[in-house]
Amino acid sequence: MRYLLMIYNCERPEPGDPGFAEALARVNAFADECRRRGALVAGDPLHREDTATTVSVREGRTLITDGPFVETHEHLGGYYVLDCRDLDEALELAALCPMAETGTIEVRPLVHAPAIPSAHAAADG
């Protein structure tokens, strides 16, 4: 079963900041543990929330807003997609994620859906 681990409200140091090397080593160790278990499917940090653009359509009108959705109190900093035996393993790995110490990890099962071909795959084919 695949699970999405959404990482909220964790501050991560930028390259050159004190603690960056240690934080990167801890994140890499977590990713290595997920790989060792054969669970890691994908994972990426997100750019800061001030780079977000929010799109909504209301009554046929497209509304585009710079920044995250205005009612959001927590910021999404990154994610992992893990393929785990069960929810217990997904929760165990979420607890091992170093960002859980300063932020929150939301674990949610992914619905199995047929693959949607990417535009790049269609252009190559």
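**Figure 1. The buried residues of helix H2 in the predicted model.** Glu89, Ala90, Leu93 and Ala94 are the buried residues of H2. Around the helix axis they cover an arc of only 140°, which puts them on the same side of H2. Asp88 and Ala95, on the other side of H2, are exposed. The cover over the buried residues of H2 includes the strands S1, S5 and S6 and the helix H1. The structure shown here and in the other views is a predicted model.

Figure 2. Glu89 lies in helix H2. Its relative accessible area is 4%, and because buried means under 20%, Glu89 counts as buried. When residues up to four places away in sequence are not counted, Glu89 touches Arg37 and Cys84. With Arg37, Glu89 forms a salt bridge in which the closest N and O atoms are 3.5 Å apart. Arg37 belongs to the loop between H1 and strand S2 (40–45), whereas Glu89 belongs to helix H2, so this pair ties together parts that are 52 residues apart in sequence.

**Figure 3. The salt-bridge network around Arg37.** Glu33, Arg36, Arg37, Arg85, Glu89 and Glu92 are linked in a network of salt bridges. One of the bridges joins Glu33 to Arg37, and its closest N and O atoms are 2.7 Å apart. Arg37 also bridges to Glu89, with the closest N and O atoms at 3.5 Å. The relative accessibility of Arg37 is 25%, so this residue counts as partly exposed.

**Figure 4. The salt bridge between Arg26 and Glu101.** A search of the whole structure finds 8 salt bridges. One of them is formed by the side chains of Arg26 and Glu101, with an N to O distance of 2.7 Å. Arg26 sits in helix H1 (residues 20–36) and Glu101 in the loop between helix H2 (87–96) and strand S6 (104–109), so the bridge ties together parts that are 75 residues apart in sequence. Arg26 has a relative accessibility of 35% and therefore counts as partly exposed. Glu101 has 58% and therefore counts as exposed.

**Figure 5. The aromatic pair of Phe30 and Tyr80.** The structure holds 1 aromatic pair. The ring centres of Phe30 and Tyr80 are 5.0 Å apart and the ring planes stand at 75°, so the pair is edge-to-face. The angle decides the class here, because planes over 60 degrees apart count as edge-to-face. Phe30 is in helix H1 and Tyr80 is in strand S5 (residues 76–83), so the pair ties together parts that are 50 residues apart in sequence. Phe30 and Tyr80 are both buried.

**Figure 6. The pairing of strands S1 and S6.** Strand S1 (residues 2–8) pairs with S6 in the antiparallel sense, over 6 bridges. Met6 stands opposite Glu106 in S6.

**Figure 7. The chain as a whole, for orientation.** The protein chain has 3 helices and 6 strands. Along the sequence these elements follow the pattern β-α-β-β-β-β-α-β-α. The C-alpha trace spans about 45 × 40 × 30 Å along its principal axes. Of the 125 residues of the protein chain, 24% count as buried. Among contacts between residues at least 6 apart in sequence, 75% join residues at least 24 apart.

How values were computed:
Residues are numbered from 1 along each chain as its sequence is written. This is a predicted model: local features need pLDDT of at least 70, side-chain atom pairs count only at pLDDT 80 or more; totals for chains, interfaces and linings use all residues. Side-chain values use heavy atoms; hydrogens and water are left out. A salt bridge is a side-chain nitrogen of Lys or Arg within 4 Å of a carboxyl oxygen of Asp or Glu. Helices (H or I, at least four residues) and strands (E, at least two) are DSSP runs, numbered from the N terminus. Buried means under 20% relative accessible area, exposed over 50%, partly exposed in between (1.4 Å probe, protein chains only). Rings of Phe, Tyr and Trp (its six-membered ring) pair if their centres lie within 6.5 Å; planes under 30 degrees apart count as stacked, over 60 as edge-to-face and the rest as tilted. Two strands pair if DSSP finds at least two bridges between them. The arc is that of the directions from the helix axis to the C-beta atoms. Contact means heavy atoms within 4.5 Å.
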